[in-house]
Amino acid sequence: MRRIKLTVAYDGTQYCGWQVQPNGITVQEVLNKALTELLGVQTRTIGASRTDTGVHARGNVAVFDTESRMPASRIAFALNTYLPEDIRVQKSQEVSADFHPRFTSTVKTYEYKILNRTFPDPLRRLDSLFWYGPLDLEKMRRGAEYLEGTHDFRGFASSHLSAENTERTIYETKLWKEEDMIHFRITGNGFLYNMVRIIVGTLMEIGKGDYPPERVLEILEKKDRSLAGATARACGLTLLEIRYPEWENSAENG
C-alpha cells in the first residue's frame with residue numbers, strides 16, 4: 001500500500017466547501033469520485049484544510065492510500081482528466097505511510113483580495129470582495145501587525161467555534177495594493193473557523209476609519225468577538241499554500 005500526497009487547486013464558487021457533507025456537492029466529494037473512477041476501486045482522501053463554502057485554494061493538500069503501481073508523479077496528469085475544470089491537481093507525490101495532512105505541523109498561507117474601485121468589475125466578482133469607498137492601507141497594515149506572534153484568537157473566531165485551543169501563531173502579515181486590488185496575505189501555524197475572514201472584516205473597518213488600528217489589540221486582549229468586524233464574504237479568500245517544514249526537512253535529508 002502506498003500513500004500519495006496531492007496538491008489541489010480549485011475555484012470554490014460552486015461547492016459547499018471542501019469536506020464531504022450531505023447538504024451539497026463538495027470539492028472532496030468530487031475528488032474522491034474522480035480517484036475511484038481512475039483507480040477502479042473505492043478511494044477516499046484525507047484533506048488538510050476544510051475550506052468553507054465559496055473559498056478557493058491554490059494549494060490545499062490531500063492524501064489517499066492505493067495499491068496502484070502508477071508512478072506517483074503521473075497520477076496528477078491522469079486524475080485531472082476525470083475532474084471538472086474548476087478543480088485541478090497541481091502535483092502528486094508519494095509520501096511515507098505515517099504522513100497525515102492534518103496531524104503534521106503546518107505553515108499555512110491565506111490571501112484575501114478586496115477590489116477597491118468606484119464600480120464592480122464583473123470579471124473579478126468570483127475571487128474578490130468589492131468595496132467602493134476609500135480604505136486607509138497604512139492604518140490597515142498597522143492593525144494587521146498586531147496579529148503577528150502567538151495570541152489567543154478567540155475574539156476573531158466564529159460563534160460556531162468547536163476548537164478547544166484557540167491559541168495560534170501568526171508568522172507574517174502583508175497588505176499591499178496593485179492598481180485597484182488590495183491583497184492581504186497572512187501566514188501562521190493554523191487558523192480558527194472563519195478567523196481570516198473576521199480579521200479582514202475588522203481591517204476593513206479600520207481602513208474606513210470606524211475603528212482605530214489598536215482595536216485589534218483590544219480584541220486579542222478581551223477575546224470578544226462582538227468587538228471585531230463582520231465576517232468578510234468567502235469569495236475573496238484563497239488558501240495559497242500549506243507547508244510541512246518538519247516533513248519537508250526529513251524528506252530532503254532522508
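Modeller: Gladly! Let us start with T104, whose side chain comes to 2.7 Å from the backbone oxygen of H100. This is a predicted model, in which local features need pLDDT of at least 70 and side-chain atom pairs count only at pLDDT 80 or more, while totals for chains, interfaces and linings use all residues. Residues are numbered from 1 along each chain as its sequence is written, and side-chain values use heavy atoms, with hydrogens and water left out.

Biologist: Where does T104 lie, and which residues does T104 touch?

Modeller: T104 sits in the loop between β4 (87-95) and β5 (107-116); strands are DSSP runs of E with at least two residues, helices are runs of H or I with at least four, and both are numbered from the N terminus. Leaving aside residues up to four places away in sequence, T104 touches F99, Y244 and W247, where contact means heavy atoms within 4.5 Å.

Biologist: Why is T104 called buried?

Modeller: Its relative accessible area is 17%, and buried means under 20%, exposed over 50% and partly exposed in between, using a 1.4 Å probe and protein chains only. T104 is therefore buried.

Biologist: What makes Q28 count as buried?

Modeller: Q28 has 8% relative accessibility, so Q28 counts as buried too. Q28 belongs to helix α1 and touches W18, Q19, V20, T45, I46 and G47, with residues up to four places away in sequence not counted.

Biologist: Why are α1 and α2 called roughly perpendicular?

Modeller: Helix α1 (residues 27-39) and helix α2 (residues 72-80) pack at about 105°, with their axes 10 Å apart. Axes are lines fitted to C-alpha atoms over the stretch in contact, and angles run from 0 to 180 degrees between N-to-C directions. Under 35 degrees is roughly parallel, over 145 roughly antiparallel, 65 to 115 roughly perpendicular and the rest oblique, so α1 and α2 are roughly perpendicular to each other. L31, A34, L35 and L38 of α1 make the contact with I75, A78 and L79 of α2.

Biologist: Are C16 and C235 buried or exposed?

Modeller: C16, at 25% relative accessibility, counts as partly exposed, whereas C235, at 11%, is buried.

Conventions. A polar contact is a pair of N or O atoms within 3.5 Å; within protein, one must be able to donate a hydrogen and the other to accept it, and residues adjacent in sequence count only if both atoms are side-chain atoms.
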